[in-house]
Amino acid sequence: MKQDIILAGVGGQGILSIAFVIDNAALREGLTFKQAEVHGMAQRGGAVQSHLRLSNDKIFSDLIPRGEADMILSVEPMESLRYFDYLSPEGIVVTSSSPFVNIPDYPDMDKVLSQIKTVKKRVIVDSQKIAQEAGSARAQNMVMLGAASAHLILKKENLLEYIRVLFAPRGEKLVEINLKAFELGRKAAADKLRPSDKG
Amino acid sequence: MKDEILLGDEAVALGAIHAGLSGAYSYPGTPASEIMEFLIRRSDGGKNFIASWSVNEKVAYEEALGVSFAGKRAMVSMKHVGLNVAADPFMNSAITGANGGLVVVVADDPSMHSSQNEQDSRFYAQFAQVFCFEPSNHQEAYDMTREAFDVSEELGIPVMVRLVTRLSHSRSRVQPGPPRKQNTLQYGIGKDWTLLPVNARRRFKILTEKQKELVGLADKSGFNSLELNKKNTSLGIIASGVAFNYVLENYKDQPELPSMLKISTYPLPETLVAGLVRHVERVLVVEEGYPFIEKNLRGILGLPGKTVLGKLDGHLPLTGELSPEIVRQALGMKPREKLQLDDFKLAGRPPQLCAGCPHADAYKALNKALEAYPQSNVFSDIGCYTLGALPPYNAINSCVCMGASIGMAKGGAEAGVYPSVAVIGDSTFAHSGLTPLLSAAEANTNMTVVILDNSIVAMTGGQPTFASGEGLVRMVGGLGVKRDHIRVIEPLPKNLEKNIQAFKEEFEYRGLSVVIASRECVQEVRKKKRSEIG
């Protein structure tokens with residue numbers, strides 16, 4: 001059993017918080033994991049990614065080989081495409097549909113979405129809207145973690161536990177917002193996967 | 001001891017703590033900063049051990065050397081180019097030797113994710129003739145750092161631990177061992193540590209005579225391993241550090257491995273290398289960084305009757321970091337199937353100055369003020385403000401190494417550049433800007449130094465600075481810059497016109513002037529607000 005995940009987004013969107021929750025849940029479940037991340041200059045509003053590898057066996061490389069990722073989990077739609085060649089042909093893309101536009105040449109959204117839809121298995125959710133519904137636009141990362149959760153090899157209760165651990169130092173209100181964001185994201189993803197959905 | 005989830009950097013830091021660390025020193029630099037951040041968090045305000053940011057890597061090294069002189073265990077950590085700054089004490093500490101264990105952790109940055117070059121620190125270890133460990137994973141980062149202290153005391157020399165970005169910034173589980181007590185105070189011998197020629201010659205001879213012992217230690221180190229495939233003599237692989245992982249990654253679904261030598265220490269384990277080379281016809285060397293092992297192996301004349309493959313013959317690229325797929329290609333395996341974008345064109349998303357960044361306002365004013373001077377040049381330095389090289393600012397024309405802006409602006413001015421402008425951050429100024437400014441003040445060179453004082457080391461995540469606010473103004477005055485030409489401005493949109501005027505006036509002054517653009521980093525302001533709420 002293994003799961004290789006590319007986490008993607010823009011510096012400041014909190015992909016390392018997603019990684020924290022998954023890492024700790026994996027440790028709790030007795031899995032081995034490696035998680036390569038980007039620090040320093042690249043973080044300043046630039047494209048950021050993290051390679052997250054889970055397995056019940058030994059993991060060698062810190063980087064996922066191109067073509068081997070089981071999932072791309074992205075908090076931003078165009079960023080999900082930046083690592084397209086990492087995805088295995090059987091892999092799934094779980095991405096937000098809310099663009100983060102901090103560059104002058106952001107491509108046409110229809111083109112972004114139609115490229116994402118060339119992947120057979122995908123879950124596209126409006127993380128911005130859902131995060132606002134949960135109580136904070138900053139909770140988009142937890143919305144996306146929720147949206148991906150049914151496809152992770154980790155138990156939901158362990159993910160929820162480490163969301164609590166992560167946000168507890170910032171107060172009960174933030175814990176509640178982020179747990180809600182996770183649940184709403186999970187629900188939105190389940191709705192999207194109905195056979196009637198052509199999107 | 002409980003297992004912990006740690007960055008490679010943090011695994012090194014924890015290894016040092018458990019090895020009985022008494023003092024650790026560093027200057028922030030990606031990808032090494034997290035070593036000191038972790039140490040500071042675990043030091044309990046200095047009660048457990050000293051963990052401290054220094055003004056630059058040279059100072060950090062000398063502070064660590066002082067701890068070692070006193071018989072206690074010391075660590076100094078830095079990014080690869082930091083060792084250039086600390087090269088003087090580093091080279092000479094191999095000659096004085098270490099009293100308490102002295103470990104030098106250097107994090108290389110192949111692919112230059114956050115650096116100006118991708119120099120390979122193993123050459124420094126060879127240059128200084130000291131022992132060097134290169135871990136390939138988190139557990140090794142912990143274990144090797146612990147052992148590095150023992151080796152340092154056993155051999156009486158500093159020991160290097162070489163990291164690369166991929167390990168420094170990757171997180172995994174580490175199983176720690178029981179902690180060791182700190183050493184007690186025991187002074188070094190004065191005549192060993194006083195490098196007068198008479199002492200230095202004697203000490204250098206001792207160092208060179210130790211080299212055989214270093215190779216012997218490498219040969220018997222449990223971290224180096226040679227596994228021969230008795231049935232297959234066509235190919236053998238020598239791999240080190242994270243490159244070893246990429247080799248194994250590609251063999252994970254293969255029925256058998258070729259003969260492999262994993263190298264984790266330098267100097268090279270010569271007996272093990274000979275053991276592999278004798279067994280096979282072709283040797284592939286896979287290493288992160290420069291072709292260090294490969295060059296040692298090839299020498300000038302090569303290996304008679306053997307083929308050596310690696311970076312020097314184009315089997316692997318000479319620049320940039322390795323990846324599982326680059327190594328796969330070198331192994332001659334078929335590439336894995338992967339997805340491709342149709343005719344979709346991705347837009348780049350380069351790093352940029354944050355919204356509301358004080359540097360942005362400083363650059364806007366500076367650019368405007370310079371419009372009237374087509375022959376001007378802005379020499380810059382290392383920090384967030386180097387992003388001023390990119391649109392929409394296009395404000396700077398150089399970035400070389402810490403502190404270079406001021407020396408280059410002086411040289412430029414002396415060659416005829418006018419206005420000759422240096423742009424440097426407060427922490428970079430403290431690190432390497434004081435001495436060139438002293439030199440410019442002495443000569444009263446016709447140039448303008450702009451110090452961007454955001455009161456923090458911003459690029460590396462917000463470490464404390466040594467030169468900010470009033471203290472910075474006094475420092476600049478103390479170096480001999482005339483009081484009338486030390487201007488403090490506040491880079492804010494509402495002050496744009498005023499700030500343009502201030503710059504223009506200083507360009508018109510035919511001598512040395514310093515403009516300090518002072519406003520706190522917006523990330524820090526946000527952090528403070530958040531912690532007030534939280």
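Mentor: A36(A) stands opposite S170(B), a residue in strand 8 of chain B. The model is a predicted one, in which local features need pLDDT of at least 70, side-chain atom pairs count only at pLDDT 80 or more, and totals for chains, interfaces and linings use all residues. Residues are numbered from 1 along each chain as its sequence is written, while chains are lettered from A and ligands numbered from 1 in the order in which they are written.

Trainee: What makes strand 2 of chain A and strand 8 of chain B a pair?

Mentor: Two strands pair if DSSP finds at least two bridges between them. Here 3 bridges join strand 2 (residues 32-36) of chain A to strand 8 of chain B, so the two strands pair, and they run antiparallel. Strands (E, at least two residues) and helices (H or I, at least four) are DSSP runs, numbered from the N terminus.

Trainee: How many residues of chain B are in contact with chain A?

Mentor: 41 residues of chain B are in contact with 44 residues of chain A; contact requires C-beta atoms, placed from the backbone, within 7 Å. Helix 12 of chain B gives the most to the side of chain B that touches chain A, with 5 residues.

Trainee: Why is K410(B) called buried?

Mentor: A residue is buried if 20 or more other C-beta atoms lie within 10 Å of its own, exposed if 12 or fewer, and partly exposed in between. K410(B) has 24 within 10 Å, and is therefore buried. K410(B) lies in helix 17 (residues 404-415) of chain B.

How values were computed
Contact = placed C-beta atoms within 7 Å.
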